[in-house]
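User: I would like to learn how to read a structure like this one. Please take me through the features one at a time.

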Amino acid sequence: MCLFSYAEDPDPDEQAPVGPLFVPVRTQAAGPVLRVFRTPLGERTAVGFSRRDLLTATLGAGQPAIPLAEAALRALTEPLGIDRLVVDPVLTAPAVTTGPVYVADAPARAL
């Protein structure tokens, strides 16, 4: 007997509509430029956040962003060959440290 009901599960290929997104940008002299990211497997992807606080939690308080509709974001990235859009990603890299880095196997240096 199966304990799980699959009748309610959405199809993974179906894309649920997304509302307005906060899209990370880089500010240039000519205006904002979309930031493009890579998935863990190296595929280029557009990124959007459903809320500003999610963007701040992932990319930091200083990250500029512009509001865009999903369709507008897809239209901007399609000519670049980017057809993947990740909504509300989380950062998976280790935090950056500013302290000294010590290598365990490095030979000691005489002062």
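User: Is Glu 43 buried, partly exposed or exposed?

Analyst: Start with the source. This is a predicted model, where local features need pLDDT of at least 70, side-chain atom pairs count only at pLDDT 80 or more, and totals for chains, interfaces and linings use all residues. Residues are numbered from 1 along each chain as its sequence is written, and side-chain values use heavy atoms, with hydrogens and water left out. Now the term: buried means under 20% relative accessible area, exposed over 50%, and partly exposed in between (1.4 Å probe, protein chains only). Glu 43 has a relative accessible area of 36%, so Glu 43 is partly exposed.

User: Which residue meets Glu 43 in a salt bridge?

Analyst: A salt bridge is a side-chain nitrogen of Lys or Arg within 4 Å of a carboxyl oxygen of Asp or Glu. Here the partner is Arg 84, at 3.8 Å, N to O. Glu 43 sits in the loop between strand 3 and strand 4, and Arg 84 in the loop between helix 2 and strand 6, so the pair ties together parts 41 residues apart in sequence. Arg 84 is partly exposed, at 38%.

User: How many salt bridges does the whole structure have?

Analyst: Three. One of them joins Glu 70 to Arg 74, with the closest N and O atoms 2.9 Å apart. Both lie in helix 2, four residues apart, about one turn of the helix. Glu 70 is buried, at 14% relative accessible area. Arg 74 is partly exposed, at 26%.

User: Which residues of helix 2 are buried?

Analyst: Helices (H or I, at least four residues) and strands (E, at least two) are DSSP runs, numbered from the N terminus. In helix 2, residues 70-77, the buried ones are Glu 70, Leu 73 and Thr 77. Seen down the helix axis, they fall within an arc of 65°, so they line one face of helix 2. The arc is that of the directions from the helix axis to the C-beta atoms.

User: How do I read strand pairing?

Analyst: Strands of a sheet pair through backbone hydrogen bonds, either parallel or antiparallel. Two strands pair if DSSP finds at least two bridges between them. Strand 1 (residues 21-28) and strand 2 (residues 31-34) are antiparallel, over four bridges. They form a hairpin with two residues between them. Strand 4 (residues 44-48) and strand 6 run parallel, joined by three bridges. In that pair, Val 47 stands opposite Val 86.
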